[in-house]
Amino acid sequence: MEGKILIVTKRQNNLLDSLKYFFEQEKIEYVISDSLHSIEKDITNLIYFHLESEDTLELPIKNNVPIIVIKEKKQLVKNNSHLINYIVTSLIHDETNYTEVQKEYLFKKGIYHIFLQKIHELLENIYHYNNIIYDLTEIKGVPDNWIFNFESISETYAWLSRKNKSLQSNFPRKVINFYDDKIYDDSLKEINYLTEKIVEIKNQMRVIDLFILTKEEYNILKNNYFFRLLLRHVSNTYSLYLIDRNRLEKEEKVILEKMLDGIVVYDDCIYRDTYQDEFSLGYVDCNQAVIDEYNEIFDYIMNTYGYKINSESDGNEFFE
């Protein structure tokens, strides 16, 4: 939609963050204020957070702009000529300290996603609703899991790129890699992703790569341009380990199945490759128990079966 949204709120919380996320995703212009007293002429819609501590719901607005009132309990504005609609939700008080990835999950799914859908509907208002009330108070707020998928391969690569760039320098990105024809191919998206990874390694971002391979797979991969670059950039901040897949299949079959088709362990989530999904490549899991589990699996596999590479010739020696 075109226009400029004014958000009026006296509270910084997750509900406000969800609106900012939505407007930035949709490239909708918005401003935030803690007062209704001054509304610029270019404002086309108003979203007003009304807190219970504010005794009356009065909107002394001269500009004839459509209004969305967000409250914890139902309360209508009386004797007002404005076009006003309402969303009733307890999220107006949600100040839970979610991780950034958990927030992204909540904004993509669940009650926050429903809230943003209703906001979008009321901003567009193609059916000219007036005094309609969306009551979201009975919708479950806490999710059963913290998993979200991507809608496209492009979205997957974009998320991975943003996530990798946002990591703190003191946290090592832990990556479990398996050989697959889809990886290290010549697609533009894969080339861009791998190029970014090389740049990050050159900039001394901390990364640990585990490559779980057979001897035959390694003989194919070692001739790949990007894999050779990784071998050449082993350093104090970038580590690369080779692991014999055949040995894992014999000794750690259950753990091996948990790692397929590849895992990236971040500080607040894991990303899991799913090559059978031709639409998105993988999904994100923000469950803390899952993050802890894969941190343990990664460290155990690396320390028990990993062969650390210090030079390009080391791989050939490992598989002799």
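Two strands count as paired here if DSSP finds at least two bridges between them, and strands (E, at least two residues) and helices (H or I, at least four) are DSSP runs numbered from the N terminus. With that in hand, Leu6 stands opposite Leu46 in E3, and I will come back to that strand in a moment.

First, the ground rules. What we have is a predicted model, in which local features need pLDDT of at least 70 and side-chain atom pairs count only at pLDDT 80 or more, while totals for chains, interfaces and linings use all residues. Residues are numbered from 1 along each chain as its sequence is written, and side-chain values use heavy atoms, with hydrogens and water left out.

On the whole chain, the secondary structure comes to eleven helices and 14 strands. The radius of gyration, taken over C-alpha atoms, is 25 Å, well over the 20 Å from the globule rule (2.2 Å times the number of residues to the power 0.38) for 320 residues, so the chain is more spread out than a compact globule. Along the principal axes, the C-alpha atoms fill a box of roughly 85 × 35 × 35 Å.

Now to E3, residues 45-49, where five of the five residues are buried (under 20% relative accessible area, with a 1.4 Å probe and protein chains only), so the strand is largely enclosed by the rest of the structure. Asn45, Ile47 and Phe49 lie on one side and Leu46 and Tyr48 on the other. Strand E1, residues 4-8, pairs with E3 in the parallel sense over four bridges, and four bridges also join E3 to strand E4, residues 67-71, again running parallel, with Tyr48 opposite Val69.

Elsewhere there is an open sheet of eight strands, in the order E7-E13-E12-E11-E8-E9-E10-E14, with mixed pairing. Strands E7 (147-149) and E14 (307-308) stand at the edges with a single partner strand each, so one side of each is left without a neighbour in the sheet. E9 and E10 pair in the parallel sense over seven bridges, and the bridge partner of Leu210 in E10 is Tyr241. Helix H7 packs on the sheet, touching E9 and E10, and its direction makes about 115° with that of E10; such angles run from 0 to 180 degrees between N-to-C directions, with axes as lines fitted to C-alpha atoms, for helices over the stretch in contact.

Which residues of H7 (residues 225-232) are buried? They are Phe226, Phe227, Leu229, Leu230 and Leu231, and their packing partners, by contacts of heavy atoms within 4.5 Å, include helix H5 (188-202) and helix H6 (215-221).

How values were computed
Buried < 20%, exposed > 50% of the residue type's maximum accessible area, 1.4 Å probe, protein only.
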